Amino acid sequence: MSTLDRVRHQLKAHPLALDAILAVGVLLCMVAGSFVDPHGPDGVTWGIRTPDPLSLVLIGLSAAALVLRRRAPITVLALTGTFSIIECVTGDPRAPVAMSAVIALYTVASTTDRPTTWRVGLLTMTVLTAAAMLGGPLPWYAQENLGIFAWTGIGATAGDAVRSRRAFVQAIQDRAEKAERTREEEARRRVAEERLRIARDLHDVVAHHIALVNVQAGVAAHVMDKRPDQAKEALSHVREASRSALNELRATVGLLRQSGDPEAPTEPAPGLDRLDELVGTFRSAGLHVEVARADAGTTLPAAVDLAAYRVIQEALTNVQKHAGGEAKAEVSVVRVGPNIEITVLDNGAGEDDGPADGGGHGLLGMRERVTALRGTLTTGPRYGGGFRVHAILPVKTRGRGAADTV
């Protein structure tokens, strides 16, 4: 930092000292002007004159008042304006006391609003000019009188221009700060949404496959001694479910390990075209599942297709976990107008009628997926026993945010 920059920084940090320096400079200019006479006997010539003692006193008082111009701008303007009026009426020859009023008017205009500048500026210009023209010793058309009118107008205009520029710069800074905060908030929001998406995917993958592994392992342990062939078949299902779970977990965790934007997946995301494969895994675990579809010819967006698949997967997993070994489930996929409706019913055989709303994250994850696509999800016990999951998903998604969320 150069010496000039350090001085400028110190002056900005101590505005009272800066105003004191300004007051001294204005004082020197007014004193020098009071001793100079531009009117000579042969026209416009420069000469030396002797100011009145009262003029020197008014010069000193008006310069001293400028030290407080930022703390009390209106009061300082009133004082300097009063001193200027006294000088205009009594000064002969006249001293440039009005210079202090011009500085004070500039301060008022630069620190207040435009309506205040208009009112105070017009009042100051009118009063000072009228006092000089009507009460002074010079003719009303003298250049000094017109000079007071011009300089007060310049002071008000310059102050208003400085205030406008300062407000413009501040507005730009505020917009930049707001934009920065918005970017940070958007980044945090996207991170939170991505964490929720990954959490939902991990939950769906782990819950589904671990439930199947648990069932098949129990079957294998039960029939190991008496029916080894059936135990082998159950263990084969355990191996397939474990391999599928590991593959999906590897794909999900692989996305987390990438430092930049994830590359396109090598396998398509699961959708309703793999519904038979999904239902087959549950049937192999002993769950009786019936499927009815009335969506022939419907092409779903990837986000809707994945959400429909996950809803069915999670609903059947809950049936497998909560409805008991003798449970039966019904899955229906129906195209109804602009929507596709997914319904999963079970008969509730067993001790539990269905998953409790607060017992886990399965129902919450389903609801988040459906809501992100601007669909609706209703879940609850059925009359007479069992549980019902009903999702309505729009065939066409609206907006990019929904696809990103799912």
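**Reading a predicted chain, feature by feature**

Guide: The term covers a side-chain nitrogen of Lys or Arg within 4 Å of a carboxyl oxygen of Asp or Glu. Bear in mind that this is a predicted model, where local features need pLDDT of at least 70 and side-chain atom pairs count only at pLDDT 80 or more, while totals for chains, interfaces and linings use all residues. Residues are numbered from 1 along each chain as its sequence is written, and side-chain values use heavy atoms, with hydrogens and water left out.

Visitor: How far along helix H7 are Arg-163 and Asp-160 from each other?

Guide: Helices here are DSSP runs of H or I with at least four residues, strands are runs of E with at least two, and both are numbered from the N terminus. Arg-163 and Asp-160 sit 3 residues apart in helix H7 (residues 143-223), so about one helical turn separates them. Glu-180 and Arg-183 also meet in a salt bridge, at 2.4 Å from N to O. That pair, too, is 3 residues apart in H7, about one helical turn.

Visitor: Is Arg-163 buried or exposed?

Guide: Go by relative accessible area: under 20% is buried, over 50% exposed, and in between is partly exposed (1.4 Å probe, protein chains only). Arg-163 counts as buried at 16%, and Asp-160 counts as buried at 15%. Glu-180, at 37%, is partly exposed.

Visitor: Which parts of the chain does the Arg-70 and Asp-19 pair tie together?

Guide: Arg-70 forms a salt bridge with Asp-19, with 3.1 Å between the closest N and O atoms. Arg-70 is in the loop between H3 and helix H4 (73-90), and Asp-19 is in helix H2 (residues 15-34), so the pair ties together parts 51 residues apart in sequence. Asp-19 is buried at 2%, whereas Arg-70 is partly exposed at 40%.

Visitor: What does Thr-152 touch, leaving aside its neighbours within four places in sequence?

Guide: A contact means heavy atoms within 4.5 Å. Thr-152 is in H7 and buried, at 1% relative accessibility. With those neighbours set aside, Thr-152 is in contact with Val-102, Leu-105, Met-125 and Leu-128.

Visitor: Which residues form the nonpolar patch on the surface?

Guide: Nonpolar patches join Val, Leu, Ile, Met, Phe, Trp and Tyr side chains within 5 Å, using residues with over 30% relative accessible area and no salt bridge; patches of like charges are joined within 9 Å. Areas come from the Shrake-Rupley method with a 1.4 Å probe, with only the protein chains shown counting as cover for residues. Here the patch is Leu-54, Val-57, Leu-61 and Ile-86, with about 320 Å² of accessible area together. Helix H3 (residues 53-65) gives the most, with 3 residues. Val-57 is found in H3 and is partly exposed at 49%.

Visitor: Zooming out, how many helices and strands does the chain have?

Guide: There are 12 helices and 7 strands. Of the 406 residues, 36% count as buried. The accessible surface is about 23400 Å², with 61% belonging to carbon and sulfur atoms.

Visitor: Where does the pLDDT stay under 50?

Guide: pLDDT is the predictor's confidence in each residue, from 0 to 100. The chain averages 78, and 75% of the residues score at least 70. Residues 261-266 are below 50, with 2 contacts in the model beyond near neighbours in sequence. Residues 399-406 also stay under 50, and the model has 17 contacts for them beyond four places in sequence. Where pLDDT is low, the predicted coordinates should not be read in detail.
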